[in-house]
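This report describes charged and aromatic side-chain contacts in one protein model. Please consult the sequence and structure shown below while reading.

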Amino acid sequence: MKPMELRRYEMKSYKTIFLFSFLALISLCLFAAAGSALINLRSSGSSLASDWLSEEDKARLAEAIHLRRTAGEQLWPGWGTADIPILVYNQDWAFLVGLQEPAQGWIKVPAGIQRGGPWKQVPNDSFASAPYYRQPLQKGGETPQSFTVQVGSRWSASLQTLDWMKVSLERQVREDLPGFLQPVFPYPIFVSQLVKGDDQYLTLVAHESFHAYQGMVAGERLADSERSNQMHGASYTRAIDPMQDDWQAELDLLSQAVTNNSSTQAAELTRRFLEVRSERRERAGLPPELVEYEQEREWLEGLARYAELEVWRLASTGKTAPLAETAILEDFEAYSGFESRWSRELQQMKRMAGDKGDGRFYYTGAAQAYLLDRLVPDWKTRVFQEGVYLEDLLAAAVR
């Protein structure tokens with residue numbers, strides 16, 4: 001074969017290889033899209049809107065209570081022994097466990113608005129050898145939401161069942177997507193990255209249970225923090241853009257301080273973080289009510305995120321065995337995935353500078369709590385006092 005013919009042959013071969021590769025890639029994409037669409041079609045698109053708790057639901061709730069009473073009590077004395085009912089709901093029904101003869105409905109916090117109707121005992125079923133209760137949710141009406149509510153005078157944790165949580169997330173993602181992507185987007189895979197199985201769900205129950213504990217110990221302060229969010233959240237969102245670079249510096253310093261193995265260096269990084277925070281507020285001309293907004297959100301949501309993460313870490317040490325009932329949970333890993341979750345939290349914290357909501361305060365509050373564990377051993381006895389903020393305790397420690 002002559003050299004020119006050889007080059008033409010090679011070019012033709014390359015074109016053929018490229019064409020086949022391109023077609024293979026397109027076929028693979030079409031196959032993946034078809035598979036994703038098939039999975040979506042098979043998905044029910046709604047929760048198993050049962051009027052009773054499944055055995056899996058009950059196993060999760062039993063383990064959540066066990067987790068709080070064991071690892072939770074190590075984490076925060078008093079939280080583990082507190083008597084905290086749990087309200088969970090699916091698409092059509094709300095359920096209440098851990099409270100006998102409950103008062104009607106639930107009270108939204110901090111508005112004090114009464115919602116729901118009378119609780120009825122679930123017939124021919126029980127939870128932890130005791131009756132539990134249910135009521136239908138009004139079509140198009142309000143749900144208890146994920147936070148804490150009061151049932152009568154009792155502070156209760158409140159959140160969705162795991163099945164309904166996943167379906168709700170799928171629906172939310174679907175609504176945010178362009179129409180052409182909606183049929184083929186792999187919703188189950190995406191949602192599984194947001195809620196990583198039973199372990200994470202159990203610690204989300206812990207998060208909301210800690211809010212209930214905050215309400216029990218410092219109810220007025222919890223209400224003030226929520227009112228601050230309602231009054232100033234939108235104003236803070238409008239003020240965030242000029243502060244974004246300074247916020248990035250704060251987040252980077254917090255991440256370095258939390259991960260530094262030297263307590264001396266961690267204290268120095270903490271001191272620098274507090275300086276940068278003060279400079280940011282002064283440079284932005286942040287009014288006192290928005291400074292307080294930052295502090296209150298860190299106190300409320302940051303402490304709950306700290307409890308959510310730390311209870312998982314303590315459970316991962318294996319010092320307390322999960323309940324036998326968890327054997328029926330297919331996605332339960334006995335808290336072995338904590339290190340992976342911790343790594344993701346640290347990475348995500350550094351990406352929160354431009355967040356438009358209050359999400360950054362979950363991370364900055366939790367990070368300050370972890371630093372207080374190292375620098376101010378008795379901080380938990382003081383942090384529920386009126387006007388005591390996480391950053392103030394840190395400032396006193398590194399001053």
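## Charged and aromatic contacts

Glu-345 is buried, with a relative accessible area of 10%; buried means under 20% relative accessible area, exposed over 50%, and partly exposed in between (1.4 Å probe, protein chains only). The model is predicted, so local features need pLDDT of at least 70 and side-chain atom pairs count only at pLDDT 80 or more, while totals for chains, interfaces and linings use all residues. Residues are numbered from 1 along each chain as its sequence is written, and side-chain values use heavy atoms, with hydrogens and water left out.

**Salt bridges.** Side chains of opposite charge can pair when their charged atoms come close. Here a salt bridge is a side-chain nitrogen of Lys or Arg within 4 Å of a carboxyl oxygen of Asp or Glu, and the structure holds 34 of them.

| Pair | Closest N to O |
|---|---|
| Lys-356 and Asp-241 | 2.4 Å |
| Glu-345 and Arg-305 | 2.9 Å |

Glu-345 in helix H9 and Arg-305 in helix H8 (residues 288–316) are 40 residues apart, and their pair links distant parts of the chain. Helices (H or I, at least four residues) and strands (E, at least two) are DSSP runs, numbered from the N terminus. Like Glu-345, which is buried, Arg-305 counts as buried, at 12% relative accessibility.

Arg-277 is buried at a relative accessible area of 1%, and Glu-391 counts as buried at 9%. Both belong to one network of salt bridges with shared partners, which also includes Glu-250, Arg-280, Arg-281, Glu-294 and Glu-298.

Lys-356 forms a salt bridge with Asp-241. Lys-356 lies in the loop between helix H9 (338–349) and H10, and Asp-241 in the loop between H5 and helix H6 (244–259), so the pair ties together parts that are 115 residues apart in sequence. Lys-356 is partly exposed, with a relative accessible area of 42%, and Asp-241 is partly exposed at 46%.

**Aromatic pairs.** A pair of aromatic rings is described by the distance of the centres and the angle of the planes. Rings of Phe, Tyr and Trp (its six-membered ring) pair if their centres lie within 6.5 Å; planes under 30 degrees apart count as stacked, over 60 as edge-to-face and the rest as tilted. The count by this rule is 19 aromatic pairs. In one of them, the ring centres of Trp-76 and Trp-379 are 5.4 Å apart and the planes stand at 85 degrees, so the pair is edge-to-face. Trp-76 is in the loop between H2 and strand S1 (86–89) and Trp-379 in the loop between helix H10 (359–375) and helix H11 (390–398), 303 residues apart. Both Trp-76 and Trp-379 are buried.

The rings of Phe-210 and Tyr-213 have centres 6.1 Å apart and planes at 50 degrees, so this pair is tilted. Phe-210 and Tyr-213 both lie in helix H5 (residues 197–239), three residues apart, about one turn of the helix. Phe-210 and Tyr-213 are both buried. One aromatic cluster includes Trp-76, Trp-379, Phe-210 and Tyr-213, with Trp-299 and Trp-342 also among its members.
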